[in-house]
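Please read them with the structure open.

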Amino acid sequence: MTVTHDVIIVGGGGAGLRAAIAVAETDPGLSVAVVSKVYPMRSHTVSAEGGAAGAIADDDSFEEHIYDTISGSDWLADQDAVEAFVREAPEQLLQLEHWGCPWSREPDGTVAVRPFGGMRKKRTWFAADKTGFHMLHTLFQTTLKYPPVTRYDEWFVTKLLIEDGRVAGVVAIELMSGRIETLLARSVILASGGCGRVFPFTTNAAIKTGDGMALAYRAGVPLKDMEFVQYHPTGLPFTGILITEAARAEGGWLLNKDGYRYLQDYDLGQPTEQPVLRSMELGPRDRVSQAFVGEVEKGRTIDSRYGPVTHLDLRHLGAKVIDSKLPFVRELCRKYEKIDPVTDLIPVRPVVHYVMGGVHTDSNGATPLPGLYAAGEVACVSINGANRLGSNSLPELVVFGARAGVAAARHAAEHPPASSPAIEAQARDEHRRLQDLLGRTGGTERLADVREQMQHVMEGSAGIYRDGGSLAKAAGTLRELQERAGAATIDDPSRTFNTELTSALELSAMLDLAECMVHSAWRREESRGAHQRTDFPARDDERFLAHSMASRDPDGVPHVSYLPVTITGWPPGERIYGR
Amino acid sequence: MTTSTEPGFEVRLYRPKVPRFWWARRPSYLLFILRELSSLFVAWFVAFLLVLVYAVGQGAAAYQDFLDFAANPFVIAVNVVALAFVVLHAVTFFQAAPQTTVVRLRGRRVPPALLAVPIFGGWVVVSAFLIWLVVLA
Amino acid sequence: MQDRITLQVARYRPEQESKPTFDEYEVPLREDWAVLDGLNYVKDRLDGTLSYRWSCRMGICGSCGMTANGEPVLSCAAFLSDFAPGPVRIEPLRNFPVIRDLVIEMTDFMHKLGRVKPWIINEQEPAEGAHGEYLQTPAELEDYHQYSMCINCMLCYSACPVYGLDPSFVGPAAIALAQRYNLDSRDEGDALRMAELSSHDGVWGCTFVGECTKACPKGVDPAGAIQRYKVTAATDAAKSLLLPRAAGR
């Protein structure tokens, strides 16, 4: 049996749900399906804490937000896309407010904004320190009032179906029963998030395995800027749990083992009592994380059971501020580190948090494959370029989720559904492939071992600082790991809720993405934003003011080409923080 | 158009049965059941008091009959048990009360735990007064 | 401190058996390991056939609810060292049908969330501020904020004996969610939610056992939300009896 919809959205997080609403509002006659491997409330949007940027303050302007974003991106962002994004962010955040999102307020009842890293003005809207949680639940609850939205909860999409050079639907596994189904559609929107789980220390949840990026990559769509991986400066040492940047925005300090605010040694300004925007602890994430590595090399970090850490000091903020602005941070520290930020220093280290790269799209979320759209962390428009500013990714979800939804709805209305024996054959092949996987109980090693090796290679060769030699070696190792993953044992041969099978599929996706990251990093012989090459320490606008486009060769290896960055009103300049 | 997939298969859910003595398995559930049972004893006290009042109204003889009845060891035993349950009823009632309302003082919500103080305090004061009235005065 | 602990994990493989059995696994006992870390160790190293839900491992996504030594917990927030010396008995969340191992069937819960109309309903647009937002003071935000913290983990349904005995009960989280909207100053949908909430399966099914609030890892206090609504519903019923025109506003 086959199911048909007009628009299929893969992923039920902030971008996917926003897109679903956009489709339903653009054309209530269209049937839209949200297909997600987890229930929507579990999507990783839920863990975002700090806030969502939208320029609304009297002393703020779109131009300043645009400039902050472009300079934050180390000039790799496409400026036309950034302009559209910045202009639409406030109206989308306002729409969320009308839908019930509990934004924190000023005493007069208007929405409050707070400072955030890399931003010249206060423009980050926030819902205490659980902004993503509130946005996601607001969106999810709001989708419940649109009858055209059908949900396929806990359905794992394994392949994009393509016919006549355009998207025709997907093949997915219903996890509960294990049955494999074909879902046809006229448009497909990928909104399945990033792939932080490629690295061993990450704020990301278990589900962030880049499944959607791999779907597009294997369908011939290039992945853009994959070498740009953001390390968030303050994650907890063992778990990688995120301690929001808002803690620094409220005035927190980063201290080395001598109690010294070390960021002042890394051209990020001078320490002051109160936080100064775009300076010191409110610098951009790439520079703050790089400073940590500097401290490690100088031997000024603190040794913990889980490696070197520095300290985040919130004690001077006082219990009142912490309880009203950072209650979740206090809860997390007590629970997972058994410390109280009101009286203790928090051990932190940079951990992988966000992937700037992703499926290549234009500013309407359209990929080069007709009918295929992408929005959110899975996509790369690019508005984040080589480094994303904190609090830009939540508005990114709703701005581009809405744009992709509108575009996908239009496409669906204008194109007939695909149906042909070719699609049936593709689907049958996919069924057979999945069934073969289930039979692989006698494999040579455990999935977890291959996964850990991959993560180890990535942290070592594609971490905060990289060099050509170790990237080349990593590329070779990853090829080997692809083979080993293909022979790893899948203990569980059953159909009912088989999470071993999904682990295998996820590992395969992650290996493809890891290869794209490594090859893109290897080819980019410069340092820009979050991609730092010790053998090419300078930024090279002549050769590399361009996006890396990683496309899949017939033998499965990524091959990298370049696409120039769109510059409109902001010619490349120096990134200056703290002065 | 149909695409041949394998035949749809049933998901065989396991539906655990709630055990017959579910309430005995957790102290909190047991307390809950006893609390609910205590309403019967509250009803007994109410009935007992109503009969007492009626007997007083009927004159000295009827009142004496009632006192003889109340002095019966079996009735005393029932009343002792009833008293225990009624105290349980009162305590759990007052413990639960703060959770059912939101009291605001100067714009902020009074934490429910704090409401227990005036509630229990009030109960103690009223009980002390009644004991004085009925027993001592 | 001991360095190993035994997990007794409920297994249910519908393709092989008709009811659950238990498998035992010995896992390292590390000071900062949660039950979830123990389960991941089992799956990664010992037995890949064990199925369970998890995602954020920081107590915000609500995926990992299960029963540990008889208590409903989030496996990412229950620490192995608190169960030492063990063994730790790990079972799926009570009161739900079991799909497989520790994975329960939650479509009933999802339907119930939808039935209380959990979205902003207003006929007249609330007063707007300088940026176009509906004005809402910090005090008005606080009125409902607690009830907006629910992560949909279903520990409250697992703790509720009423739901266990009668699954048609709407349940703690759904009612708390309805209250989240009822008490939101921007919403005017109370009347539309009333039928669902004042029904026999709504608040009146609750006998205030109070276990839901105890089990809630986010301090939502669903029991409080339900009792408050009983007051609201009863007041409204009284009003409509005595003052038919004033009621239903």
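1. Start with the sheet in chain A. In this predicted model, five strands make an open, parallel sheet, ordered β7-β3-β2-β11-β19 (chain A). The edges are β7 (149-153) and β19 (372-374) of chain A. Each has a single partner strand, so one side of each lacks a neighbour in the sheet. Neighbouring strands are turned against each other by 20 degrees on average, direction ignored.

2. Strand β3 (residues 32-36) of chain A runs parallel to β7(A), and 5 bridges join them. One pair to check is V32(A), whose bridge partner in β7(A) is V149(A).

3. A helix covers part of this region. Helix α1 (residues 14-26) of chain A lies across β2 (7-10), β3, β7 and β11 (187-190) of chain A. Relative to β3(A), α1(A) runs at about 170 degrees.

4. Now the contact between chains A and C. Here 42 residues of chain A are in contact with 43 residues of chain C. On the chain A side, the elements giving two or more residues are α3 (79-98), α4 (131-143), α9 (327-337) and α14 (499-523). The largest share, 4 residues, comes from α4(A). By type, the chain A side divides into 20 nonpolar, 12 polar and 10 charged residues.

5. Finally, strand pairing in chain C. Strand β1 (residues 4-11) of chain C runs parallel to β5 (residues 88-91) of chain C, with 3 bridges between them. L7(C) has V88(C) as its bridge partner in β5(C). Strand β3 (residues 65-68) of chain C is antiparallel to β5(C), joined by 2 bridges. There, T67(C) stands opposite E91(C).

How values were computed. Residues numbered from 1 in each chain as written. Chains lettered and ligands numbered in written order. Predicted model: local features only at pLDDT ≥ 70, side-chain atom pairs only at ≥ 80, totals over all residues. Pairing = 2+ DSSP bridges. Contact = placed C-beta atoms within 7 Å. Nonpolar A, V, L, I, M, F, W, Y, C, P; charged D, E, K, R; others polar. Axes fitted to C-alpha atoms, helices over the stretch in contact; angles between N-to-C directions.
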